[in-house]
Amino acid sequence: METRAFQKIHTRITNITKATCSLKATGVGYEELAIVHGKLAQVVKIKGDTITLQIFGGTEGIPTNGEVIFSGKPPSLKVSDALAGRFFDSFGNPIDGGPEVEGEEREIGGPTVNPVRRKQPSELIATGIAGIDLNNTLVSGQKIPFFADPDQPYNQVMAMVALRAKADKIILGGMGLANDDYLFFKNVFDNAGALDHIVSFVNSTEDPPVERLLVPDMALTAAEYFAVDKNQKVLVLLTDMTLFADALAIVSNRMDQIPSKDSMPGSLYSDLAKIYEKAVQFPEGGSITIVAVTTLSGGDITHAVPDNTGYITEGQLFLRKDTDIGKVIVDPFRSLSRLKQLVIGKKTREDHPSVMNAAIRLFADASNAKIKQENGFDLTDYDERTLGFAKEYSRELLAIDVNIEIDKMLDTGWQLFNTYFTKAEVAIKEDLVSKYWPEEEGLEERRKKEPSEAKA
Amino acid sequence: MAEKAKRSRGKVISIIANLVLVEVDGPIAQNEICFIKLSNTSLMAEVIKVHEPIAYVQVFESTRSLTIDTEVEFTGNMLEITLGPGILSKNFDGLQNDLDKMEGIFLKRGEYTIPLDPEKKWDFIPLASEGDTVTAGSWLGEVTENQQPHKIMVPFKLTGTFKVKSLAKKGAYTIKEKIAAITDGEGNTIDLTMTQKWPVKVPIKVYDSKPRPFRLLETGVRTIDTLNPIMEGGTGFIPGPFGSGKTVLQHALSKQAEADIVIVAACGERANEVVELFTEFPKLDDPRTGRKLMERTTIIANTSNMPVAAREASVYTAMTIAEYYRQMGLKVLMLADSTSRWAQALREMSNRMEELPGPDAYPMDLTAIIASFYARAGYTCLNNSKTGSITFIGTVSPAGGNLKEPVTEATKKAARCFYALSQDRADSKRYPAIDPIDSYSKYLEYEGVKEYLNETIHEDWISNIASVKNFLIRGHEASEQIDILGDDGVPVTYHVDFWKSEVVDFVILQQDAFDEIDASTPVERQRYMLEKVLSICNTGFSFDAFEDVAEYFKRIINELKQMNYSEFESDKFKGHEDQLEKIIEERKDA
Ligand SMILES: Nc1ncnc2c1ncn2[C@@H]1O[C@H](COP(=O)(O)OP(=O)(O)OP(=O)(O)O)[C@@H](O)[C@H]1O
Ligand SMILES: [Mg+2]
């Protein structure tokens, strides 16, 4: 941050807490940036001539006679095409050894898009992962998080989605990102030859947690530049939003605000919504799609962070290990893409909604059968068949290592129905069944030939 | 008339997010609106607490870069909106700014628009005559707004009786032009235009009485109309965890409900959901009138990323518009998604003011605030003996999906219909996920309602509702026993009971909001299907083994569902019905 020559330097700090300090000053604007004893800070409260500053790097070592210089403006980012391919810290300073980016200076956390200037999202984002494309189809302009326990490979899946999504720009916002994960993203993008259309803002586990608060706004300011000014399709990856919320809690608790559920600030919903609602489809073609990660503790989705997130985003993707096949799958029950109905059966084959629903229903029957089995009850023939189906469905379609076209996913679905079920059990509309039910010999034919054996 | 009071002024002395403290030089009122004068723009704010000489104001915009000592001008008015022809089909923000009139892609801070079109000419027809005695709310004339009659009324703010001194002749006028003059008892004359202003937080009360609602408001949603109906002028709420279908259900209501006017307040929810309304409503037909849905609809959008303080204003703005149309003798449906976001906005502000917090840090008077808001709905007899109504249905988004939280509990006390969305039903895609056993409509206990339903639908209607609910409960109990004792540990009749309740579930309760035909079921068709399903439930069936029960009832359900998907009484519908009768014959007890 530049400082100007005429700026007044203050040297009397009156109050210091773990995250904030206060001093007397006049002419200061709300949310203005300052440097306190060499550390970046932001005005969070003004009461008469007493200014309270939030110190992003923490207040360790700040003396009462430390120098305070006000910048006269809120946090900002210089935007231009030169952002592409670059890595920055939470403040927008390069961390890749490259030069400062020249460009137009824009305040971060800027205004809201007028809802009447938005377009209804309608473009499908294909990822090749059937657990997503088939059951939880993504649409450009959508905002959706992965809900995952910390041991799940969410960053890997997210990187895979990003590379296959055919976006013009990918913006990575890393919050509390482990150095290994940072290097992972860098390598994956590099190996894919994609680095030139990626912009990264990274707060690592070694950086002070409060700095993270700037990362989503930095990433989204860059995203808005490409989506609005350049009409590009931008994909924003935010990982991990739970760590972002933790930083919010640290600051609000230090400011003596009354915490609401799970020690989170009462404004958590609005704070998260301001970020996620930047996802948008513009009529001119530009779009911002947000794929985020919200880590759970012990799978608890009623915790304030996933709970508020679920109320804001357009669905969520759950990863879970399926012990029957020993692979990570996209859980078809708890995952949901709320925008999928805008594209499935419209931008994809007509049988998409029916195949998706029937398969999930049969998979649910299988989990009921499993519960029966675990409780020591006898299984019916139908139960047995659902179990067989579930295993193949999991391996061929739900596993995250599947990478096929959507038509192929639908064909696979029909084949599994044919192998394990009768048409009546699958219960899909007549006209679709007559068009797509496979020719090959299936359960019904086998039953007709050898009724006793097939029923056994 | 009273001498124009001098407006107070003040200076900013403290800033914490959008709570600003202002030192004021004169009198101010609670809820008075003021403007904070930045160098290039003014920010609108509302007084929410006074501690002389300091006013606590909540700013309806971001306070970024605001400094101490900034000038503040008070207006002498509370937050008011403009009522007049041209409100329908508009997309307003929470402060009644016309979103379509705002320039640019982004909402600019401090940009306020005039809500109604000042140039448009309206064809005015006088309804009153010179010399008539009138009071606030009296109908003076009428214009046609989107092909509906729109009454021009004596301003609600006026008290006492007046005589019509002059009234415009039939002809075209703008909202700026004088259309009438009335004189009070002392001979003072007041000129009137087609518009008036009203402070949104004050209920409009120029009516004779509010009798108990008794008439059904058809929604086309079977699990509501058949099981737990809402009445014209009734209140209801829809609590449910995220993703359980609150918004889809409200959108269905806004499309299908049999109302003259629909006011939708999108309060602190997703912008894309509002865009869906903007995009679809101008294309969709209102099945009752053949006109576009947008013609009867007004949308108040304060999405989650718009200023938090304006969320509160947005629900009041919407309610005031609803009351305005009710005064014209119209049937208004108002929907708000989600009232929890409004309560959260109150909580954020209350915390910033360091008020003593109530449960979950919500303000202490939350229950009273919610109750007085719901009380603005109702079935109303106007002073001219016509009737009008506001039916209000809000959604509630309970934290963690747990219904034991302050907003749900407070709303339960205020609203008469409770449509609880269940996570289990949503997970198993049994939409709409309204829990049939937990949910209720208190209106079913009203004698007047019972009489009305039995008279207008069928003489057995009320007893049929009781009986279908009974089958649901019995099926639920049977399924619990089967889970504990195992499929073959219970008599086969338990399986039959369970599957009969599944028939009710799949055919009456579940409804595909995205299917053209199934989405909306007229009451006559609901009656037909309910009787069909009940006749199956009342039939005895014989089975040798429990394995056969599920397969058999799945066939029954399939035919009934195909009926739901077919045009009522079409050949296709009848074909499936014939099929169904054959299946029933297979196992029916002699
Ligand atoms: N009646 C229905 N028919 C089919 N699908 C439905 C129905 N209701 C809900 N859904 C599915 O559930 C999803 C979520 O529904 P909806 O957006 O109404 O939830 P919500 O309760 O409003 O959630 P939130 O509190 O997060 O806003 C929809 O996108 C749709 O996929
Ligand atoms: Mg919703």
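Predicted model: local features only at pLDDT ≥ 70, side-chain atom pairs only at ≥ 80, totals over all residues.
**Entry 1: domains of chain B**

I looked up the domains first: chain B is divided into domain 1 (9-78), domain 2 (122-194), domain 3 (222-444) and domain 4 (461-587), with bounds that come from an automatic or database domain assignment. I then took the C-alpha centres of domain 2 of chain B and domain 4 of chain B, and they lie 57 Å apart.

Residues are numbered from 1 along each chain as its sequence is written, chains are lettered from A and ligands numbered from 1 in the order in which they are written, and side-chain values use heavy atoms, with hydrogens and water left out.

**Entry 2: chain A overall**

I counted 14 helices and 21 strands in chain A; helices (H or I, at least four residues) and strands (E, at least two) are DSSP runs, numbered from the N terminus. Along the principal axes, the C-alpha atoms of chain A fill a box of roughly 95 × 50 × 40 Å.

Next I checked burial, where buried means under 20% relative accessible area, exposed over 50%, and partly exposed in between (1.4 Å probe, protein chains only). Of the 456 residues in chain A, 59% are buried. Chain A exposes about 17800 Å², and carbon and sulfur atoms supply 48% of that area; accessible areas come from the Shrake-Rupley method with a 1.4 Å probe, and for residues only the protein chains shown count as cover.

I also looked at contacts (heavy atoms within 4.5 Å). Among those in chain A between residues at least 6 apart in sequence, 72% join residues at least 24 apart.

Where is confidence in chain A lowest, and where highest? pLDDT is the predictor's confidence in each residue, from 0 to 100, and chain A averages 92, with 97% of the residues scoring at least 70. The lowest mean, 51, belongs to helix α14 (residues 451-455) of chain A, and the highest, 98, to helix α4 (residues 215-229) of chain A.

Strand β4 (residues 33-36) of chain A runs antiparallel to strand β5 (residues 39-47) of chain A, with 4 bridges joining them. A:Ile35 faces A:Leu40 in β5(A). The two strands make a hairpin with 2 residues between them, and A:His37 in the turn has a positive phi of about 50°.

β5(A) goes on to pair with strand β6 (residues 50-55) of chain A, antiparallel, over 6 bridges. A:Lys47 stands opposite A:Thr50 in this pairing. This hairpin also has 2 residues between its strands, and A:Gly48 takes a positive phi near 60°.

What does β5(A) pair with in chain B? I found 2 bridges joining β5(A) to strand β1 (residues 9-16) of chain B, in the antiparallel sense. There, A:Lys47 has B:Ser14 as its bridge partner.

**Entry 3: an open sheet in chain B**

I traced 4 strands of chain B in an open sheet, ordered β10-β13-β15-β16, with antiparallel pairing. β10 (133-134) and β16 (189-192) of chain B each have a single partner strand, so one side of each is left without a neighbour in the sheet. Within the sheet, 4 bridges join strand β13 (residues 162-167) of chain B to strand β15 (residues 180-183) of chain B, and B:Leu167 stands opposite B:Ala180.

**Entry 4: salt bridges**

I took a salt bridge as a side-chain nitrogen of Lys or Arg within 4 Å of a carboxyl oxygen of Asp or Glu. The count over all chains is 60.

I opened B:Glu312 with B:Lys201, at 3.3 Å from N to O. B:Glu312 sits in helix α4 (residues 309-326) of chain B and B:Lys201 in the loop between β17 (196-199) and α1 (222-227) of chain B, 111 residues apart. B:Glu312 is buried at 11%, whereas B:Lys201 is partly exposed at 25%.

Then came B:Arg555 with B:Glu586, whose closest N and O atoms are 2.8 Å apart. B:Arg555 lies in helix α13 (residues 547-565) of chain B and B:Glu586 in helix α14 (residues 571-587) of chain B, so the pair ties together parts 31 residues apart in sequence. B:Arg555 is partly exposed at 36%, and B:Glu586 is partly exposed at 47%.

Last, I noted a network of salt bridges linking B:Arg9, B:Lys11, B:Lys37, B:Glu71 and B:Glu73.

How values were computed: Pairing = 2+ DSSP bridges.
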